[in-house]
Amino acid sequence: MSIIEVVVPQLSESVSEASLLEWKKQPGEAVSADEILIDVETDKVVLEVPAPAAGVLVEIVKGDGATVLAGEVLARIDTAATAAAAPKAEAAPAAAPAEKSTTIAAASPAAAKILAEKGLEVENVAGSGRGGRVTKEDAVNAQAGSTQKAAAPAAPAAPIGVSLDGRPEQRVPMSRLRARVAERLLQSQQENAILTTFNEVNMQAVMDLRKQYKDVFEKEHGVKLGFTSFFVKAAVAALKKYPIINASVDGKDIIYHGYFDIGIAVGSPRGLVVPILRNADQLSIAEIEQQIADFGTRARDGKLTLEELTGGTFSISNGGVFGSMLSTPIINPPQSAILGIHATKERAVVENGQIVIRPMNYLAMSYDHRIIDGREAVLALVTMKEALEDPQRLLLDI
């Protein structure tokens, strides 16, 4: 017998502990070297824990949902054993207690959280795990329209996780990410003097440009030409013109950043994450679109790294993809401003004394009034508006 230990990977300095999601292998099963055994959730990312060597998983020390620290032993592998040894190790004591503590008995802790956020009931989701257990992947792939009961059409009016049949309630713990987001949003509102300024943008020029080049763009670069890249470019133009918008507060000091790292808010099954476009001023439209598409895919799969979620000098939140008309975004500390963009809709506007129909988008920029005066905030938003209404300005840097 040659036993090796599977341990919690090194966490970042800002992360003290993590939670285990769902074991992908059970005691007695054969594992391959580098095969992913379990995901570890921190308040920023999900880390994969691979098998350090091939063998048989003989013991699970920490079960699903357990709280762990960096370096803690999670399981043990016998590198000299074969899968035929499975009957001896079939009953591992560690995993069962954690499963008893979950609020949904037929689902893993990770799956329970996702289903609750989607407003789905576990009994309506087909499980692919042992004994029909609903796994994280099952929950992510579950669609409301195909899994809810006949009463589903009325579901949006009910709170998340609450059935309309009778008066049941369901208690599901926040994921570490959602708890951390809640903490940071409260911190932002308590520590910043947040004010929001608004403006409207005629998106016709950008839409015409996109319509003209979207097919050849996708063929050339392998990614669709969206609208977010134009907002990123417009934001960078404004930050260059008004550096205080790109600055941050540290105690009684103002830190001016000589670079433009733009956070792009992305929704994921685990909650809101904000991966960073590093040196956005040096990226082409194609490079921005490629990175945003990559962020979206890996956010959904929980594959973003800690480094990609750390830092940032300014953020953009696009509520328009969900149909939002107007909102007041909350600053992502330690940044001092954030741009909220919304759904572009045809609206009646006045041009040269005439009422005309134009595709309009309302912009909202929240800023920390402690260091950013209204003048700079308004003019920065006007700069973004002008750049979007005349995209050629971005090419000429004017």
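Two strands count as a pair here if DSSP finds at least two bridges between them. With that in hand, take a look at Val40, whose bridge partner in S5 is Leu47. This is a predicted model, and in it S4 and S5 pair in the antiparallel sense over five bridges. On the other strand that pairs with S4, strand S2 (residues 18-20) joins strand S4 (residues 36-41) over two bridges, again antiparallel. Ser19 stands opposite Glu41 in S4, and Leu20 stands opposite Val40.

Together, four strands make an open sheet with antiparallel pairing, in the order S5-S4-S2-S7. Its edges are strand S5 (46-50) and strand S7 (67-68), each of which pairs on one side only. Is S4 mostly covered or mostly uncovered? Five of the six residues of S4 are buried, so the strand is mostly covered, buried meaning under 20% relative accessible area.

If you follow the chain out of S2, you come to Lys24, which lies in the loop between S2 and strand S3 (30-31). How far apart in space are the C-alpha atoms of Lys24 and Asp39? They are 8.8 Å apart, while the two residues are 15 apart in sequence. Is Lys24 buried, exposed or partly exposed? Its relative accessible area is 38%, and because that value falls between the 20% and 50% limits, Lys24 is partly exposed.

Nonpolar side chains tend to be buried together in soluble globular proteins. In this model the largest nonpolar core has 72 residues, and Ile245, Leu277 and Phe314 touch the most other members. The biggest contribution, eight residues, comes from helix H7 (residues 228-241). A second, separate core has nine residues, including Ala111, Leu115, Ala139 and Ala142.

Leaving aside residues up to four places away in sequence, Leu277 touches Val232, Phe260, Asp261, Ile262, Ile264, Leu283, Ile288, Gln291, Ile292 and Phe295. One of these, Val232, is among the buried residues of H7. H7 is mostly covered, with 10 of its 14 residues buried; among them are Phe230, Phe231, Ala234, Ala235, Val236, Ala238 and Leu239, along with Thr228 and Ser229. From first C-alpha to last, H7 reaches 20 Å, close to the 20 Å expected at 1.5 Å a residue.

## Space left inside

Rolling a probe the size of a water molecule over the atoms shows where empty space is left. How many cavities of 30 Å³ or more turn up? The count comes to three.

## The whole chain

Stepping back, the protein chain has 10 helices and 19 strands. Of its 398 residues, 44% are buried. Among contacts with a separation of 6 or more, 65% are between residues 24 or more positions apart.

Definitions and conventions. Residues numbered from 1 in each chain as written. Predicted model: local features only at pLDDT ≥ 70, side-chain atom pairs only at ≥ 80, totals over all residues. Heavy atoms only, no water. Core = buried A, V, L, I, M, F, W, Y, C linked by side-chain atoms within 4.5 Å. Buried < 20%, exposed > 50% of the residue type's maximum accessible area, 1.4 Å probe, protein only. Contact = heavy atoms within 4.5 Å. Expected span 1.5 Å × (residues − 1). 1 Å grid on protein atoms, 1.4 Å probe; cavity = no way out; pocket = protein on both sides within 12 Å on 5 of 7 lines; lining within 4 Å. Points joined across faces, edges and corners; volume = space filled by probe spheres on them.
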